[in-house]
Amino acid sequence: MFVWSKRLVAALIGLFILTLGIFLLNTAPGSMSDLTMYMTGWMAINYLGLIVWVFVWMIDQARMRGKNVWIWLVPFVLVPLPTLMLFVLFLQRRIRPLKTG
C-alpha cells in the first residue's frame, strides 16, 4: 500500500492508546453505569479507528487507479458502509476505450 507509513501507523496507535487511557482514567470503579461509559468509549475508539483505516485504504485504492477520493470523504463520514460499497462499485466500473478516428 502506498499510503501507510511507519510514522502514520505509530501515530495512529499512539492516538488510540492515548484516548483509551483518557477513557480508563475517566471511569470510576464501583457502579454499573461506569462500565457502560467504558464500553461506549471503547466502542467509539474502535469505530473511529476502523473508519480512519478504511478511508486510508480508499485513498490507496483511488491513488492506484488515478481517481479522486476526497469527494467521497463527507458521504463516508455520514454513512460509511453504503459509501464504501458505492466506492468499490465505482472503482470496478469498466473503463471505456477511447474511440479514435
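The chain exposes about 8,200 Å² of surface, and carbon and sulfur atoms supply 72% of that area. The model is a predicted one, and the points below should be read with that in mind.

**Surface and burial**

- Of the 101 residues that make up the chain, 20% count as buried.

**Fold**

- The secondary structure comes to 4 helices and 0 strands, and the order of the elements, read from the N terminus on, is α-α-α-α.

**Largest pocket**

- The largest pocket has a volume of about 420 Å³, and its lining is made up of 14 residues.
- Nearest the centre of this pocket lie L12, F16, I45, L48 and G49.
- Two helices that each supply at least two residues of the lining are α1, which spans 6-26, and α2, which spans 32-65.
- Of the elements that contribute, α2 gives the most to the lining of the largest pocket, with 7 residues.
- Sorted by class, the lining of the largest pocket holds 11 nonpolar residues and 3 polar residues, while no charged residues are found there.

Notes
Residues are numbered from 1 along each chain as its sequence is written. This is a predicted model: local features need pLDDT of at least 70, side-chain atom pairs count only at pLDDT 80 or more; totals for chains, interfaces and linings use all residues. Side-chain values use heavy atoms; hydrogens and water are left out. Buried means under 20% relative accessible area, exposed over 50%, partly exposed in between (1.4 Å probe, protein chains only). Accessible areas come from the Shrake-Rupley method with a 1.4 Å probe; for residues, only the protein chains shown count as cover. On a 1 Å grid over the protein atoms alone, a cavity is a set of points where a 1.4 Å probe fits but cannot get out, and a pocket is an open set with protein on both sides within 12 Å along at least five of seven lines; lining residues have an atom within 4 Å of a point. Grid points are joined across faces, edges and corners, and a volume is the space filled by probe spheres set on the points. Ala, Val, Leu, Ile, Met, Phe, Trp, Tyr, Cys and Pro count as nonpolar, Asp, Glu, Lys and Arg as charged, and the others, Gly among them, as polar.
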